[in-house]
Number of protein chains: 4
Amino acid sequence: MLEDLKQEVYEANMRLPKLGLVTFTWGNVSGIDREKGLYVIKPSGVEYDDLKPEDMVVVNLKGEVVEGKMNPSSDTPTHTYLYNHFPKIGGIVHTHSPWAVSFAAAKIDVPALNTTHADTFFGDVPAADALTKEEIEEDYEGNTGKTIVKTFNERQLDYEAVPAALVSQHGPFAWGPTPDKAVYNAKVLEVVAEEDYHALQLTRQNIELPQYLLDKHYYRKHGANAYYGQNNAKSKEHAAHKK
Amino acid sequence: MLEDLKQEVYEANMRLPKLGLVTFTWGNVSGIDREKGLYVIKPSGVEYDDLKPEDMVVVNLKGEVVEGKMNPSSDTPTHTYLYNHFPKIGGIVHTHSPWAVSFAAAKIDVPALNTTHADTFFGDVPAADALTKEEIEEDYEGNTGKTIVKTFNERQLDYEAVPAALVSQHGPFAWGPTPDKAVYNAKVLEVVAEEDYHALQLTRQNIELPQYLLDKHYYRKHGANAYYGQNNAKSKEHAAHKK
Amino acid sequence: MLEDLKQEVYEANMRLPKLGLVTFTWGNVSGIDREKGLYVIKPSGVEYDDLKPEDMVVVNLKGEVVEGKMNPSSDTPTHTYLYNHFPKIGGIVHTHSPWAVSFAAAKIDVPALNTTHADTFFGDVPAADALTKEEIEEDYEGNTGKTIVKTFNERQLDYEAVPAALVSQHGPFAWGPTPDKAVYNAKVLEVVAEEDYHALQLTRQNIELPQYLLDKHYYRKHGANAYYGQNNAKSKEHAAHKK
Amino acid sequence: MLEDLKQEVYEANMRLPKLGLVTFTWGNVSGIDREKGLYVIKPSGVEYDDLKPEDMVVVNLKGEVVEGKMNPSSDTPTHTYLYNHFPKIGGIVHTHSPWAVSFAAAKIDVPALNTTHADTFFGDVPAADALTKEEIEEDYEGNTGKTIVKTFNERQLDYEAVPAALVSQHGPFAWGPTPDKAVYNAKVLEVVAEEDYHALQLTRQNIELPQYLLDKHYYRKHGANAYYGQNNAKSKEHAAHKK
């Protein structure tokens, strides 16, 4: 069942330790088959060295395990909530990568301070509110997804253009069209969080990126006029497009 | 004599350099056989590359060497004190891991600022008082254990729920039901100390975890209602437990 | 066409991940054949693991692709501008190395605070102005080169003696007589940016290098009286040149 | 000539990149044969990957090259000065390790803030004065040794008990009874500089180690009553020395 997707999700999970994003078992990636309405997720608490593609657990959009011998990630209800409310995403990753966690602990957005940020995130990566006592007791993991979605709605953010969030006092979630792209976005978040931390210690004055620079870098890589990389029509003409 | 425990303690010691917790020979792990009242500890000042299971030294709860050709760790009296006063622990680790040492040097608790902390430590990891001149001269290593135990008593902390402490101006000690779990706890302490340092530089206002979030994360992994991982009854039902 | 230069530029590009200067594909090196007026540059968005010498793209000094199946780096117009305005350089490198980016984000020069800096950079490495809205919309990558050249002109800096610049809110560019030396300079910049950051957090008073120390270290390695290394006439006599 | 010492100095040099103490060629180790009055030092500007034992250069205590095809380190006059004025040392190392350089750039001592420091350095590691214009022009490398020795004399420090110094705006020098022990001391300095930096950012109040704790840790490892490690008479009795 969903063997290709299991392989893809397995490989995306295995990139987490290679990219320095996880300690021990503290991270998980999932990927969804939107047609079947089923997603595949890492089992809970399994060491990366021991993980196998066939260990992946299949879950439906009610959050029920459909196939799998092992327990799914304890964060499964968060993944379920996000897949239900962000209908265009194909993969989700949760880590406790240390720089993103530092901003989450401080309840501070990861601000857009350099063009690497703008290449991937079209604005600040928001720190969603920490959960209230009632939200924690009622449905902790589900409400973790809910606070992210609520933050995107309140701030009128486009989840495709800002494909990550921090949950305050907890850590980062990232997503994307595929599990692999979600992992990429999680790594970018970690890198810019590190750079932002140091920039903010050097100065806190007048360093937010202006909107026109955000626009330039974001649209250089995304959408119809993108010209970064090998897979778009605009790249060839770009090199010589001026003078 | 205690060959299985020697192997177990040896392997726990060898994890220290792999986890980035030691420079040179600056760390030691021990493990106890409670029935026999004997514990096994790394010899003093031996390079990790040269260490062998049979080098482990057997010590009794009076701190006397019972078996072993080499001298035990110079921190042996600290281990003895902790085994005598924390009767439910099965392993102890001492390192000079740099982030925990930075908090120890500043004589500041490693505060509970994120859920990774709460997963392992049910509250702040205390910075025990530095030893007085008299305590140092009388019995330095023994009193290093004593200041830890005194701090837990004075603050009414449960050493099973907060399985680590800093000794001010010195460094971290961690413990657990097994030597391997003690090493795990030492690594968690190092990771959260790093994250806490950066969070505290971003802001020092209003960032302590509330008790209800500590409760949630701690009991998600510990005790009768735990549902993280593969080895408990609650995990399977958790994934779909709401909606 | 230019097979030797392609190999040289390929090898210089492959040093970037080895030196810890790039994440993913975020960096590029070029090298020029001044006689032919052609330069060779990394293709856009290709993973380092997949890169081959024959993937390198040949570009002329108008910025037009002369040979190559792939699209050149999206930063090609910046390279073109710099080669046209800094006529003595033979190689250029652009990275998003994290410490240099942190200074770029803060729009702060990387100051000359230690002798490692002076060995390579004869003074502060300037943070060139971020581009204006008009400059970005008109010709983003070309004007990225222009703001660097403008900064060197305004501050009357010698681009051979200070072979690097930050572009504010973006990141570092470095150059040199060869692609390989440009990469070396990019690494030195990253190292001194890290050291400067920490020095500036310790104190911000009275720490700029005096001119005479800059002179000493810079001319110890550069010019007719250099005596560092194996390839100059002054080295042998130096060891015993005093007492 | 001095083949064993060349091998020893070569091996000590090769430990520098393994311990993360050097970038490129920025470091050098020497070792002395006190009976012959000759010392062996790394050649100038040679990559560690290319270094061979037979490349080592033999120098006398006037600083003259006695044997060797290559130029000795440009820092040779500093080594000469230190061997002449610190008559009991057997090896010297100079690096540009980044944490020590950060303190050097800030012209701040590496303070004794934790017991790891006290195990190796019996007090603060001093930041020697930066050289004056006259000192630089007269004999830069020789006077680099002179400012270190002057600092030890003025502060009445014992160079055997505090086996390292920073040269302000430059970087660290460390020494010891052998080249290998000098490298060890250079690594300890780098580790404690990192920990001190972070401790000082957490708090600057009341964190200097008291003399009695310095005494305890230093003499636990050094001198007639040392009991750390395997090679002293006191170790065995230590484990059970109290209660």
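A salt bridge is taken here as a side-chain nitrogen of Lys or Arg lying within 4 Å of a carboxyl oxygen of Asp or Glu. The legends below describe close-up views of a predicted model.

**View 1. A salt bridge between two loops of chain D.** The side chains of D:Arg155 and D:Asp109 meet in a salt bridge, with 2.8 Å from N to O. D:Arg155 belongs to the loop between helix 5 (133-154) and strand 7 (164-167) of chain D, while D:Asp109 sits in the loop between helix 3 (98-106) and helix 4 (115-120) of that chain. The pair therefore links distant parts of the chain, 46 residues apart. With a relative accessibility of 38%, D:Arg155 counts as partly exposed. Over all chains, the structure holds 44 salt bridges.

**View 2. A salt bridge between chain C and chain A.** C:Glu141 forms a salt bridge with A:Arg220, and the closest N and O atoms are 2.8 Å apart. Because C:Glu141 lies in helix 5 (residues 133-154) of chain C and A:Arg220 in helix 7 (residues 211-221) of chain A, the pair joins two chains. C:Glu141 has a relative accessibility of 1% and so counts as buried. A:Arg220 is also buried, at a relative accessible area of 4%.

**View 3. A salt bridge between a strand and a helix of chain B.** In chain B, the closest N and O atoms of B:Glu67 and B:Lys6 are 2.5 Å apart, and the two residues form a salt bridge. B:Glu67 is part of strand 4 (residues 65-67) and B:Lys6 is part of helix 1 (residues 3-18), so the pair ties together parts of chain B that are 61 residues apart in sequence. The two partners fall into separate accessibility classes under a cut-off of 20% for buried residues. B:Glu67 counts as partly exposed at 27% relative accessibility, whereas B:Lys6 is buried, with a relative accessible area of 5%.

**View 4. A salt-bridge network in chain A.** A:Glu3, A:Lys6 and A:Glu67 are joined into one network by salt bridges that share partners.

**View 5. The interface of chain C and chain D.** The contact takes 40 residues from chain C and 45 residues from chain D. Between these chains an area of about 3,700 Å² is buried, and carbon and sulfur atoms give 56% of that area. The interface contains 2 salt bridges and 15 residue pairs in polar contact, counted with both residues at pLDDT 80 or more. A salt bridge also forms between D:Asp75 and C:Arg220, whose closest N and O atoms are 3.6 Å apart.

**View 6. The side of chain C that touches chain D.** Helix 4 (115-120), helix 6 (179-202), helix 7 (211-221) and helix 8 (235-239) of chain C each supply at least two residues of this side. Helix 6 of chain C gives the most, with 10 residues. By class, the side of chain C that touches chain D has 17 nonpolar, 13 polar and 10 charged residues.

View 7. The copies use different surfaces, since 5% of the contact residues of chain B recur in chain A.

Technical notes. Residues are numbered from 1 along each chain as its sequence is written. Chains are lettered from A and ligands numbered from 1 in the order in which they are written. This is a predicted model: local features need pLDDT of at least 70, side-chain atom pairs count only at pLDDT 80 or more; totals for chains, interfaces and linings use all residues. Side-chain values use heavy atoms; hydrogens and water are left out. Contact means heavy atoms within 4.5 Å. Helices (H or I, at least four residues) and strands (E, at least two) are DSSP runs, numbered from the N terminus. Buried means under 20% relative accessible area, exposed over 50%, partly exposed in between (1.4 Å probe, protein chains only). Buried area is the accessible area (1.4 Å probe) that two parts lose on being put together, summed over both. A polar contact is a pair of N or O atoms within 3.5 Å; within protein, one must be able to donate a hydrogen and the other to accept it, and residues adjacent in sequence count only if both atoms are side-chain atoms. Ala, Val, Leu, Ile, Met, Phe, Trp, Tyr, Cys and Pro count as nonpolar, Asp, Glu, Lys and Arg as charged, and the others, Gly among them, as polar.
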